[in-house]
Amino acid sequence: MQIAFHAQSHKGLVRKLNEDACLALPEAGVWAVADGMGGHAAGDVASQMVMDMLKTLVDSAGTALSPAMLSQALQNANKALVQYSKQQLLGSMAGSTVVVLFIQQDRYHLLWAGDSRCYLLRNNKLRQLSHDHSQVNEMVAQGLLAASEAESHELANVITRAVGVDSELEVAVCADECQPGDLFLLCTDGLTKELPDHEIHQYLQHDDIADASKALLHSTLVAGAKDNVTSILVKLQSISNVNLIDKTIPLKLKNV
């Protein structure tokens, strides 16, 4: 399959610092986004450290790359961040959510911790593949809170799992077969807290993923962009359609 992608990161309209980070390694079939926590000299360091450790692992693994190796890279990042917090931040926390997409042959693998999300648009139906590791999501799962009340709940920003928060990290995983035309969206919560799923679905139906990606960012900014916003679109095309699509589009915007 031919793969096209578009990545972008913006500090939003309120935050002074962009604590998000993203990674695009199309030759290895790996894309990731991270949302740092901890403020200046912590959140941005945390998210970038996670991306750097993933890249180092991918570069060294070559064709032997596997989901288990990516999970180990996140475990290593977790240990490094815990140590960084102890040594450099006097015990204050530097943490990061993360979601990683790995496409290998005809299968996709998803790894994540926290509330950065992955969606799949297939046959014009949008589905959230990841589930948020958050206090309100656990309350919804237990029947203690209606899903419609989750975003506005006072505990909406409480994350129950992230890289660097605890000494041990449990990485969530899922995998399935790919289909031609699949469109994946990786994003931080700066996007999903501003745009409802039905609006995201609307923009993802655009034929050009660069235009779809820019429309998502523009709408997030129009909505107020109270947090940093990072997203990556990854689209799979069949071999027969290679001549009908643009070349892979690597793009990372900071503070634009």
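Guide: Bear in mind that this is a predicted model; its secondary structure comes to 6 helices and 10 strands, and of the 256 residues of the protein, 50% count as buried.

Visitor: How many strands form the open sheet, and in what order do they lie?

Guide: Strands of a sheet pair through backbone hydrogen bonds, either parallel or antiparallel. Here 5 strands form an open sheet in the order β2-β3-β4-β5-β8, with antiparallel pairing. The edge strands, each of which pairs on one side only, are β2 (20-25) and β8 (172-177), and neighbouring strands of the sheet are turned by 10° against each other on average, direction ignored.

Visitor: Over how many bridges do β5 and β8 pair?

Guide: Strand β5, residues 107-113, pairs with β8 in the antiparallel sense over 6 bridges, and Leu-110 stands opposite Cys-174 in β8.

Visitor: Turning to one residue, is Ser-130 buried or exposed?

Guide: The idea is to compare the relative accessible area with a cut-off, buried meaning under 20%. Ser-130 has a relative accessible area of 4%, and is therefore buried, although this residue lies in the loop between β7 (125-128) and α3 (135-141).

Visitor: Which residues is Ser-130 in contact with, leaving aside its neighbours within four places in sequence?

Guide: Ser-130 is in contact with Leu-110, Trp-112, Ser-116, Arg-117 and Cys-118. A polar atom of the Ser-130 side chain lies 3.1 Å from the backbone nitrogen of Cys-118, while the C-alpha atoms of Ser-130 and Gly-114, 16 residues apart along the chain, are separated by 9.5 Å.

Methods. Residues are numbered from 1 along each chain as its sequence is written. This is a predicted model: local features need pLDDT of at least 70, side-chain atom pairs count only at pLDDT 80 or more; totals for chains, interfaces and linings use all residues. Side-chain values use heavy atoms; hydrogens and water are left out. Two strands pair if DSSP finds at least two bridges between them. Helices (H or I, at least four residues) and strands (E, at least two) are DSSP runs, numbered from the N terminus. Axes are lines fitted to C-alpha atoms, for helices over the stretch in contact, and angles run from 0 to 180 degrees between N-to-C directions. Buried means under 20% relative accessible area, exposed over 50%, partly exposed in between (1.4 Å probe, protein chains only). Contact means heavy atoms within 4.5 Å. A polar contact is a pair of N or O atoms within 3.5 Å; within protein, one must be able to donate a hydrogen and the other to accept it, and residues adjacent in sequence count only if both atoms are side-chain atoms.
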